[in-house]
Amino acid sequence: MNQMTHSKELFEEAVKYMPGGVNSPVRAFRSIGSTPRFIAKADGACLFDEDGRCYTDYVGSWGPMVLGHNHPKIRESVIDACGRGLSFGAATKAEVDMAKLICEIVPSIEMIRMVNSGTEAVMSALRAARGYTGRDKIIKFMGCYHGHSDSMLVKAGSGGMTHGVADSAGVPAGCTQDTLLASYNDLDSVREHFEHAGEQIAAVIVEPVAANMGVVPPEHGFLEGLRKLCTQYGSVLIFDEVITGFRLGIDGAQGVYGVKPDLTVFGKIIGAGMPVGAYGGKRCIMEMISPLGSVYQAGTLSGNPIAMAAGLAQLSILKNDPGIYERLNADSDYFFGRLQEIVRGAGFDYPINHVGSLGCLFFTKCSVTDYESAKCADTNAYADYANAMLDKGIYLAPAQFEAVFLSAAHTKKQLDDTLEAAEDYFQSKSKPVS
């Protein structure tokens with residue numbers, strides 16, 4: 001077993017100066033009872049920790065590395081941009097190029113505003129929806145994570161599920177009083193809110209493929225039903241495509257499922273992993289944003305030239321080579337399909353949900369279709385699996401309720417080696433199907 005000497009030393013030092021020794025909770029590896037690996041570098045589908053060990057990476061900086069780490073064309077674009085300066089706090093051509101490109105490839109987006117993170121994009125999109133409609137209430141879904149702004153930290157997914165924390169301390173009750181909760185994949189729960197308070201509901205925000213309670217695809221008719229209800233009641237439909245945007249396809253989940261939202265939220269994938277986000281959609285809503293309209297939102301680093309350079313490089317590659325998605329999705333079908341065979345073959349009824357290059361193995365016997373069924377997963381069993389895979393050089397998310405991300409950089413050998421490691425693990429735990 002790898003002793004991780006340097007990583008352990010760094011973590012011991014980190015806890016003295018940072019809460020939990022990390023700058024984002026899931027990195028602490030607490031939910032799998034382990035010590036975080038401190039990463040020194042990454043290339044392709046590989047991470048290299050401070051102890052010199054190589055891991056096949058299935059986290060991909062939580063999704064944006066759809067082309068893999070350290071892609072040469074993206075790296076060159078960033079280096080070139082750095083040579084001209086790191087930040088201007090002023091308008092740049094790269095911002096215009098990025099806005100134009102996204103509007104060209106995502107049909108629902110007529111105007112877009114760059115921000116600095118997915119959390120900021122969500123917060124801003126909700127404010128725009130409220131300003132446009134003149135209403136206050138928002139419908140969100142249990143288990144869907146939309147960043148850590150106050151009004152969205154109600155039954156959020158991701159790390160909060162693993163740690164058993166549905167809400168957050170420090171959030172005043174008044175910040176969440178207009179947040180209405182519905183059950184993902186349950187249109188009736190949404191319809192009830194509209195029937196009771198339809199004239200007060202500014203927006204419905206949803207992950208079109210829920211990817212922060214594991215991976216939970218929308219059932220047939222669910223997204224279409226949300227679109228119909230929002231249209232009927234004059235509410236804004238917001239798709240949070242921080243994870244699915246430009247990953248499931250060039251026009252994201254909305255392209256896969258053929259449902260057009262009013263606003264869309266993006267995160268770090270539009271910066272090839274750099275700190276960036278954006279929200280955009282119908283012109284009539286986006287024209288409410290300052291300086292055109294009365295909805296205020298600003299940011300000195302919004303449209304940062306380095307992030308724009310990275311994002312333009314990645315999105316241009318994806319746009320100009322649609323075969324990337326065909327190959328990536330075919331590899332993903334193979335990988336997740338074979339993994340399901342391995343798990344079932346060892347006598348376990350654990351389901352695997354996957355959509356394109358997003359997937360999740362749930363350590364539960366029940367089908368996972370929503371927040372409640374996702375919570376049935378055995379997080380201790382997942383922790384044992386994740387640690388065993390880490391020992392074999394396979395870097396999985398250190399939490400049950402996160403996605404597995406495949407990238408175009410994963411080779412067939414890397415996928416097969418991972419499957420072999422999984423097969424060894426499950427065979428070692430093999431038991432008859434009950």
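Visitor: How many aromatic pairs does the structure hold?

Guide: This is a predicted model, where local features need pLDDT of at least 70, side-chain atom pairs count only at pLDDT 80 or more, and totals for chains, interfaces and linings use all residues. Residues are numbered from 1 along each chain as its sequence is written, and side-chain values use heavy atoms, leaving out hydrogens and water. Rings of Phe, Tyr and Trp (its six-membered ring) pair if their centres lie within 6.5 Å; planes under 30 degrees apart count as stacked, over 60 as edge-to-face and the rest as tilted. The structure holds 19 such aromatic pairs. One of them joins Phe-141 and Phe-222, edge-to-face at 5.5 Å centre to centre with 75° between the planes.

Visitor: Which parts of the chain does the pair of Phe-141 and Phe-222 link?

Guide: Helices (H or I, at least four residues) and strands (E, at least two) are DSSP runs, numbered from the N terminus. Phe-141 is in strand S5 and Phe-222 in helix H8, 81 residues apart.

Visitor: Are Phe-141 and Phe-222 buried or exposed?

Guide: Buried means under 20% relative accessible area, exposed over 50%, partly exposed in between (1.4 Å probe, protein chains only). Both Phe-141 and Phe-222 are buried.

Visitor: Why is the pair of Phe-363 and Tyr-382 edge-to-face?

Guide: The ring planes of Phe-363 and Tyr-382 are at 80° and their centres 5.9 Å apart, so the pair is edge-to-face. Phe-363 counts as buried at 3% relative accessibility, and Tyr-382 counts as buried at 7%.
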